[in-house]
Amino acid sequence: MAGVAWHYVLKFIITGDAAVGKSSLLVRLTDQRFLSNPDPTLGVEFGSKLITIPEESKVVKLQCWDTAGTESFRSITRSYYRGAAGCLLVYDVTSRQSFLNARTWLADVRAHADPNLTCILVGNKIDLCAEDGQPGRRPREVPADEADRWAKEEGLLFVEASAKSGENVEAAFVQATRDILDKIKRGMFDNDRSPGVKLSRPSNNTLTLEDDSTRTRCC
Amino acid sequence: MEFLSQTYIALRGPTGAPQSPADTISRLADRLSPSTLIADRRAAVLSLKGLARDHKADIGERALPGLLDVLQNDAEIDADIGKAVLETLNVLCEAEDGASAAARELGFKHTDQVLADEKAAHKIFALVGEQSFYLRFAALQYLATVLQNRRQVVQGHFLKAPAGPTSFIVILDDKREIIRNEGLYVVKSLISQSPEIQKILAFEGAFEKLFNIVLGEGGIDGGLAVQEALACVDGLLRFNQSNQSYLRASSLPPLLLSLLGYPPDLPHDAAPPQQFALQLWDDKQKRANAALVVSIIGILAKSTGPNAHDALTFAFNRCLVEIGLASNMPTTIKTQALRLLPTNLSILPLAHMVLTPYIPVPDTNGEEWDWLEPASGLDALVELVLHGEYNGILEGERRTKDGMELRAAAMGVFQNFVQKDEIREAIVQAMVPPADASEPAPVTPLLYALTAPPAQPLTSAAVAPTHLAAFLFAHLLRGSPRAKALALSIVPRPSSQGAGSFFVPADGAPAAPEPEAEEADEPQSLLSILSEHLSLALLARARADTPEREAREWDRLLVGYLTLLAQWLWEDPGAVRGFLEAGAISMLVEPINQTADTDVAIPGLCAFLLGVCYEFNREPGEITRSTIYPILTRLGLDMLAGRITHLRDDDRFKAVGPDTVVLPYPGVLAPHPAAGAPKQETDEAEVWFDWAFVDFWKSNYHTIEKAIATDPNSLSASAGQDTAMMVASLRDVIRNQASEIEALQAQLKSLSATAQERETLHEQIASLSTELQEAQEKSREVEKEQEDLLVLLDELNVKRRRDKARMREAGLDVSEDEGDEGDEDEE
Ligand SMILES: Nc1nc2c(ncn2[C@@H]2O[C@H](COP(=O)(O)OP(=O)(O)O)[C@@H](O)[C@H]2O)c(=O)[nH]1
Ligand SMILES: [Mg+2]
């Protein structure tokens with residue numbers, strides 16, 4: 001049942017402009033589905049997923065939070081930033097504006113998140129500008145190398161993905177997770193105190209609670 | 001107090017003349033100014049606190065801004081002044097339920113003044129994060145007060161507070177019990193109806209902290225803190241999809257089962273342990289805690305998302321079934337558990353689940369229990385509906401509200417379970433004698449209760465099984481032509497104790513002669529048994545000497561029969577004919593015709609049923625529409641229509657709603673306790689109609705009203721109106737199509753066998769043709785190879801001949817071989 005074995009729990013947040021596909025990425029990750037007409041009111045706002053990082057032989061449980069809806073409550077959004085280990089910063093490759101706005105989002109993340117937070121820039125909806133000229137295809141407005149360059153400047157990971165086709169969706173999370181595990185290995189996180197990272201005993205089938213109370217107030 | 005009087009003295013003017021309270025307050029307010037020494041401000045706040053209760057308005061008017069300044073500037077620095085200012089504000093803002101309207105108004109007004117500035121609210125949130133016991137506690141208490149008064153405003157401020165929820169949530173970790181309990185209270189109020197706050201608190205680990213509290217306080221055996229923590233969990237989840245996903249994906253849910261003593265990973269074929277099924281439930285707090293756990297399980301069981309069939313959902317639902325049908329949990333919790341089962345019961349193999357119901361040993365005060373034979377979940381469910389919790393052992397003749405609610409909840413589960421046509425048809429089919437009827441079909445408990453002859457005198461306990469069986473049976477038939485057709489061929493084995501004990505009401509006259517022996521042995525169809533019992537009950541009801549309380553039970557029984565027949569005969573000409581042949585008209589006319597009766601239910605139902613018999617009398621038979629029509633007109637069409645619509649006005653009918661089936665038993669009729677026995681608080685309850693029938697009736701009574709006014713030769717209720725004609729003919733089409741589909745399905749079944757064969761053949765052909773192709777290719781290859789070889793050989797021959805010729809020319813000795821012979825011949 002739910003007593004699955006995992007070594008770490010990592011909290012991820014997903015931010016970016018409205019309609020870039022945050023909810024869609026989350027649904028793709030957790031349910032392997034794509035909704036062409038997601039109901040924006042029906043909060044697909046949390047999803048969790050177990051992923052395995054083979055080289056590390058580690059099972060990681062991702063807890064992903066879509067911060068949608070909190071835009072109007074700045075401080076609450078900040079709390080999400082503050083408590084996260086990883087962040088997916090999403091834009092739409094067919095919308096230059098959403099890419100430009102990513103700067104603002106990043107600034108906000110930087111201002112409030114833990115400095116060790118791993119952030120991956122995700123250019124979503126690449127299926128729309130595929131070569132095969134499908135109906136409804138839209139021109140790309142953000143060249144991949146431009147986004148790549150900006151990501152490098154800002155020290156972000158970068159990937160282009162499609163929630164619709166599923167391309168690179170899990171890979172984006174895996175890439176970010178690897179980076180976080182790497183930081184843990186290098187001792188950048190003091191396990192008990194880092195936001196968004198929780199250690200667990202593997203194969204924990206008993207009904208004791210994971211002790212979350214060790215985390216004290218930060219900031 | 002001494003301190004206060006000193007303050008008073010200190011505040012007297014130089015003349016020593018006593019001041020008015022208003023003056024005193026003004027002076028104290030002046031002292032709150034930041035220009036004074038902190039010690040002075042502290043003294044002033046303390047004085048104001050002492051005066052606050054009696055001079056709310058004055059202090060509010062003169063000192064509130066000063067107090068808010070102190071809150072802003074001093075509270076964090078000086079815990080004493082912080083505590084005092086918070087307590088003073090608390091008194092000013094209190095608007096207790098019991099207080100006068102004016103006092104409450106004042107409390108609200110002060111609250112609004114404080115909350116007008118978000119800075120004050122933010123400061124209070126920040127103070128909650130302070131470690132000092134008094135400060136934290138006072139801040140929580142004050143927060144509780146303002147939340148009570150203006151929850152949404154406080155929630156708005158919380159969402160924007162710079163302190164954020166991170167520092168706030170730590171109150172749930174506070175080891176100081178008083179603080180933690182106050183914190184639980186505040187959290188419960190703060191999360192109410194705010195999905196955003198619910199979500200961020202979940203993000204901050206609220207669920208984990210709350211479960212920690214529950215476990216730390218001893219689970220459901222724990223006290224009020226457990227109840228509050230569970231209420232918070234409930235509040236975080238109930239209308240929050242996102243949090244439901246979060247909790248489901250966490251390791252916490254199995255814990256909910258463990259809290260009730262139910263092993264989360266119980267194998268499907270193992271019974272739950274006795275520690276789960278049989279517990280001590282005397283403690284009120286434990287009951288409250290368990291009820292909350294059950295409600296949380298219900299939320300999670302429903303919020304399955306894409307995994308409706310996962311192990312956790314199954315465990316939750318199975319646990320709910322076990323609680324409802326095979327445990328000694330309090331009756332209200334059982335009811336709650338059954339109501340929480342999903343409406344789509346296909347995920348629960350109720351008919352195949354094996355349960356072991358328990359039953360209390362009489363007179364052991366719930367301390368000793370026997371377990372019954374293992375039964376299928378479905379059987380246990382039907383048993384519960386028909387005979388009540390523990391077979392009525394604890395309740396006896398009394399029908400308590402809780403007990404009836406439980407039976408009604410079980411009825412709801414049954415109704416959901418038989419939604420699927422296959423299921424209801426299978427259940428009805430099991431009552432039909434097999435085609436090669438060497439033996440009659442077994443009489444199931446449901447059929448037994450339905451066909452049990454009415455006892456005399458009729459008691460409430462005796463009516464209930466038949467009355468409720470009629471509801472269950474109606475669930476099986478309603479709207480299903482196939483199930484109705486099957487029901488028509490049910491011929492119950494004559495029940496041994498039933499024969500001869502039929503109550504024959506005859507107004508004191510000698511009982512009617514017993515039916516002839518061979519006639520009694522002749523098995524009757526279900527429909528004719530019901531008709532006969534209906535007739536008996538109608539006669540009994542009409543008897544003048546039936547006591548009021550008993551007459552009421554006859555009416556109840558009649559409601560069962562009449563509602564079942566109305567739903568069965570609807571759109572079923574075959575059943576209508578059967579009922580008419582059993583003497584329907586004469587038995588129905590009598591109660592319709594009765595004069596001056598305050599009771600509208602039975603005449604109304606009889607009129608409705610008569611209308612159904614007229615409208616759907618569409619098969620050739622002895623009694624035709626033309627036979628009935630004159631009877632209708634003689635009764636009076638208006639009178640009939642009036643009787644039908646009047647059912648709507650019956651209180652017992654009106655009171656029924658989708659979730660309201662059980663009604664209080666009218667106090668005047670409640671049985672008097674036996675002489676000498678202490679008068680019991682009566683919480684007696686009763687059931688008359690179920691919602692399914694009320695719903696059915698409301699959608700159809702109009703049709704019947706029109707139908708009775710329709711000429712016997714016209715096709716349907718509203719002949720002349722194209723739509724109705726159309727509906728009728730379409731219905732026929734559908735019926736035909738349904739039977740066609742059925743025939744086709746049967747054909748398909750037999751065909752699918754052939755289809756399978758064909759498929760194997762296809763496969764064989766396919767593999768053979770590939771083989772063939774391969775073989776052909778191979779042979780083609782071989783051929784080609786051969787050809788190539790021949791060509792090569794030919795080339796070689798030519799070459800050799802040339803070489804030989806050249807060698808001969810060179811005078812070399814050249815052998816002759818066969819190949820050359822031909823050449824030689826040519827030469
Ligand atoms: N073609 C395409 N459409 C997408 C993709 N991801 C999201 N969408 C669509 O973009 C719209 C907005 O997606 P949504 O997930 O609600 O965005 P959010 O507001 O960021 O959560 C929806 O109509 C999605 O169906 C993608 O990868 N490819
Ligand atoms: Mg969204």
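**Figure 1. A:Ala19 is exposed, with a relative accessible area of 66%.** Exposed here means over 50% relative accessible area, buried means under 20%, and partly exposed is in between, using a 1.4 Å probe and protein chains only. The view comes from a predicted model, in which local features need pLDDT of at least 70, side-chain atom pairs count only at pLDDT 80 or more, and totals for chains, interfaces and linings use all residues. Residues are numbered from 1 along each chain as its sequence is written, chains are lettered from A and ligands numbered from 1 in the order in which they are written, and side-chain values use heavy atoms, with hydrogens and water left out. You will find A:Ala19 in the loop between β1 (8-16) and α1 of chain A; helices (H or I, at least four residues) and strands (E, at least two) are DSSP runs numbered from the N terminus. Its phi is near 75°, a positive value in a residue other than glycine. Most residues other than glycine have a negative phi.

**Figure 2. Ligand 1 and its shell of 19 residues.** Among these residues, A:Ala19, A:Lys22, A:Ser24, A:Asp127 and A:Ala163 come nearest; a residue is near if one of its heavy atoms lies within 4 Å. Sorted by class, the shell holds 8 nonpolar, 6 polar and 5 charged residues. For this count, Ala, Val, Leu, Ile, Met, Phe, Trp, Tyr, Cys and Pro are nonpolar, Asp, Glu, Lys and Arg are charged, and the others, Gly among them, are polar. Helix α1 (residues 22-31) of chain A supplies the largest share of the shell, 3 residues.

**Figure 3. Polar atoms of chain A beside ligand 1.** A polar backbone atom of A:Ala19 is 2.7 Å from an oxygen atom of the ligand, and a polar backbone atom of A:Gly21 is 3.0 Å from an oxygen atom of the ligand. On the side-chain side, a polar atom of A:Asp127 lies 2.6 Å from a nitrogen atom of ligand 1. The protein covers 83% of the 580 Å² of accessible area that ligand 1 has on its own, as given by the Shrake-Rupley method with a 1.4 Å probe.

**Figure 4. A:Lys183 in helix α5 (residues 169-185) of chain A.** This lysine counts as buried because its relative accessibility is 10%. Its side chain makes a polar contact with the side chain of A:Thr118, at 2.8 Å. Such a contact is a pair of N or O atoms within 3.5 Å; within protein, one must be able to donate a hydrogen and the other to accept it, and residues adjacent in sequence count only if both atoms are side-chain atoms. For context, 51% of the 219 residues of chain A count as buried, and the chain has 5 helices and 7 strands.

**Figure 5. A:Gln32, a residue with positive phi that is not a glycine.** Its phi is about 50°. A:Gln32 sits in the loop between α1 and β2 (46-53) of chain A. With 49% relative accessibility, A:Gln32 counts as partly exposed.

**Figure 6. The cis peptide bond from B:Gln456 to B:Pro457.** Omega is near -5° here. B:Pro457 belongs to the loop between α24 (445-451) and α25 (460-477) of chain B. Most peptide bonds are trans.
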